[in-house]
Amino acid sequence: MKSALRPLALFLGLLLSGLAPAQGADTVVGPPSRPLHLPGIENAFQATDRVFSGSQPEGDEAFAALRKLGVRTLISVDGARPEVERAAKFGLRYVHLPHGYDGIPSNTALRLAQAAATVEGPIFVHCHHGKHRGPAAVGVICQATAGWSTNQAIAFMKQAGTSADYPGLYRANLGFRVPDAAELARLPADFPARVEVSGLVDAMVELDHRWDHLKAIQQAGWKVPANQPDLVPAGEAKLLAEAYRELQRTPEARTKGEPFREQLRQAETRAEALHAALKTSPASAPGTFVLRPAEDAFKGAGQSCTACHRQFRN
Ligand code: HEC
């Protein structure tokens, strides 16, 4: 009796420690999943035989590398326009199922599960940086199709660097219930290669690119980054301020109400301060060391993003 119970106890022990073996069709590579080094892709991981995760592919070399890995379908969960034509050049199909940082709506989670189960694989799931929304989608997908436990999904998100600032993304995995075949069969059979996102999401995608430029400029010591010679430091800050000003005029900003517009005004003021710091500092003069005013203004501008996201997005 005692010995007969032992395997059960062992199994339960494994379950409780979150290490239960997967029972799905795929071999579970992780978590911990295998980090990959791919050109033009950051934060790349192999989650299972059929599922890869990472950032938005940049340039032909990135798409070529995915194809070489064996990938057949890309699933973007990001608001940016997927490069459908470029992907097609490498024989890769795109499926666009975007969601926000505040979580994965249950219908979107179902569609992700359905796509992962039905499209030609292996699949590469990505958001912009491959850290937050993408890994959350991978968690849902692997729970649905690879027998991952909730704990495995959470562990993968942590491994990929999903921030605790996005509890909605974690909740999407904690609360995910694996759909059955009948449920999936009721969904539409086709998937969009590209969907239109709201004006606000579009504006944020733009802001994010602008912010990436400013980060690169900061990292280059407030000079033009060697690998992006076209960037004009003060000009990027000005464009950021203008983007905020534009946003204040959109119907969406109006419907979001006064506290949201106040955040936008503050963000614009801080972007203007960064612009002023970069314009007056001899950033291009040789021998300039750390530019204190620019560093401070940059920090302030970054706080605009996080403060507003905390209040209105996450
Ligand atoms: C005034 C408020 C506000 C400010 C300031 C702000 N954001 Fe946002 N951001 C939002 C909201 C709200 C969303 C969610 C939009 C949605 O999903 O409908 C969002 C979404 C995003 C997204 C996700 C877009 C997608 O693909 O779905 C990114 C990326 C982003 N913001 C980056 C930034 C960056 C970088 C900054 C600062 C340079 C910034 N945001 C400043 C309110 C703000």
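**Salt bridges in the predicted model**

Guide: This is a predicted model, and a search of the whole structure finds 17 salt bridges.

Visitor: Which residue forms a salt bridge with R133?
Guide: R133 lies in helix 5 (residues 133-145), whereas its partner lies in the loop between strand 4 (73-76) and helix 3 (84-89), so the pair ties together parts that are 55 residues apart in sequence. Both members of the pair are buried. The closest N and O atoms are 2.8 Å apart, and the partner is D78.

Visitor: Does E183 count as buried or exposed, and what is its relative accessibility?
Guide: E183 forms a salt bridge with R177, and the closest N and O atoms of the two are 3.0 Å apart. R177 is exposed, with a relative accessible area of 55%. Buried means under 20% relative accessible area, so E183 counts as buried, its relative accessibility being 16%.

Visitor: How far apart are the closest N and O atoms in the salt bridge of E246 with R249?
Guide: In this pair R249 is exposed, its relative accessible area being 52%, while E246 counts as partly exposed at 45% relative accessibility. A salt bridge needs a side-chain nitrogen of Lys or Arg within 4 Å of a carboxyl oxygen of Asp or Glu. For E246 and R249, the closest N and O atoms are apart by 2.6 Å.

Definitions and conventions: Residues are numbered from 1 along each chain as its sequence is written. This is a predicted model: local features need pLDDT of at least 70, side-chain atom pairs count only at pLDDT 80 or more; totals for chains, interfaces and linings use all residues. Side-chain values use heavy atoms; hydrogens and water are left out. Helices (H or I, at least four residues) and strands (E, at least two) are DSSP runs, numbered from the N terminus. Buried means under 20% relative accessible area, exposed over 50%, partly exposed in between (1.4 Å probe, protein chains only).
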